[in-house]
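Open the model in your viewer and keep the sequence panel beside it. The tour below goes from one selection to the next.

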Amino acid sequence: MIAAPLPPTDSSESLYAAVTRWAGHASRRQLEGILLAGAAVIVVVAVTGIERWPFASAAGSLMMIALWGLLAHAADTDHRPALRLAKAAATGLGMALAVLAAVGLLFWILGPSWKL
């Protein structure tokens, strides 16, 4: 079960800040579960057909959030620059996948005449 989100620290908190705050406080078990579930969704999409790519993009974005959280837990005890670089890469890839999933959702809403 995924833990309830922490209450916002202020009313102007960004989505990025809320997501990273949650990922930084979630348990390792929850984060590992999200990684496995995301990988399962991507495998199912790969097997069933590429037309479901927005689901794979959304799952990949959730996987990057979970990976960021696991890296944040690791950074508590290990302060190597490689961890900071990996967290930045997970952030960038997660954002790109989220945008890709949103575009896919837009095309799905627009209907079959707008397929790529």
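At roughly what angle do the axes of α3 and helix α4 cross, and within what distance do they come? Select residues 81–110 for α4 together with α3: the two axes cross at roughly 160 degrees and come within 8 Å. An angle over 145 degrees counts as roughly antiparallel, and α3 and α4 are therefore roughly antiparallel to each other. The crossing in which α3 passes α4 is left-handed. Colour the residues of this contact by type, and they divide into 19 nonpolar, six polar and one charged.

**The whole chain**

Now zoom out, keeping in mind that this is a predicted model. The protein has four helices and zero strands, and from the N terminus on its elements run α-α-α-α. Of its 116 residues, 30% count as buried. Take the contacts between residues at least 6 apart in sequence: 59% of them join residues at least 24 apart.

**Helix α1 against helix α3**

Select residues 15–25, which form α1, and residues 53–75, which form α3. Their axes lie 8 Å apart and the helices pack at an angle of about 55 degrees. That angle makes α1 oblique to α3. Their crossing is right-handed.

Which residues make the contact? On α1, show Val19, Thr20, Trp22, Ala23 and Gly24; on α3, show Ile65, Trp68, Gly69 and His73. Sorted by type, the residues of this contact are five nonpolar, four polar and no charged.

Stay on α1 and pick out its buried residues, which are Thr20, Arg21, Trp22 and Ala23.

**The nonpolar core**

Next, select Trp22, Leu31, Leu35 and Ala66. These are the residues with the most contacts inside the largest nonpolar core, a set of 13 residues. Helices α1, α2 and α3 each supply at least two residues of this core. Its largest share, six residues, comes from α3.

Centre on alanine 66. Leaving aside its neighbours within four places in sequence, alanine 66 is in contact with Leu31, Ile34 and Leu35.

Is alanine 59 buried or exposed? With a relative accessible area of 6%, alanine 59 falls under the 20% limit and is buried. Show Gly38, Val41 and Ile42: alanine 59 is in contact with these residues, leaving aside its neighbours within four places in sequence. Then draw a distance between the C-alpha atoms of alanine 59 and alanine 98. They are separated by 8.9 Å, although the two residues are 39 residues apart along the chain.

Serine 61 counts as buried because its relative accessibility is 9%. Which residues does serine 61 touch, not counting residues up to four places away in sequence? Show Gly94, Leu97 and Ala98, and the set is complete.

Terms used. Residues are numbered from 1 along each chain as its sequence is written. This is a predicted model: local features need pLDDT of at least 70, side-chain atom pairs count only at pLDDT 80 or more; totals for chains, interfaces and linings use all residues. Side-chain values use heavy atoms; hydrogens and water are left out. Axes are lines fitted to C-alpha atoms, for helices over the stretch in contact, and angles run from 0 to 180 degrees between N-to-C directions. Angles under 35 degrees count as roughly parallel, over 145 as roughly antiparallel, 65 to 115 as roughly perpendicular and the rest as oblique. A crossing is left-handed if the near helix is turned anticlockwise from the far one by less than a right angle, and right-handed if clockwise. Contact means heavy atoms within 4.5 Å. Ala, Val, Leu, Ile, Met, Phe, Trp, Tyr, Cys and Pro count as nonpolar, Asp, Glu, Lys and Arg as charged, and the others, Gly among them, as polar. Buried means under 20% relative accessible area, exposed over 50%, partly exposed in between (1.4 Å probe, protein chains only). A nonpolar core is a set of buried Ala, Val, Leu, Ile, Met, Phe, Trp, Tyr and Cys residues joined through side-chain atoms within 4.5 Å.
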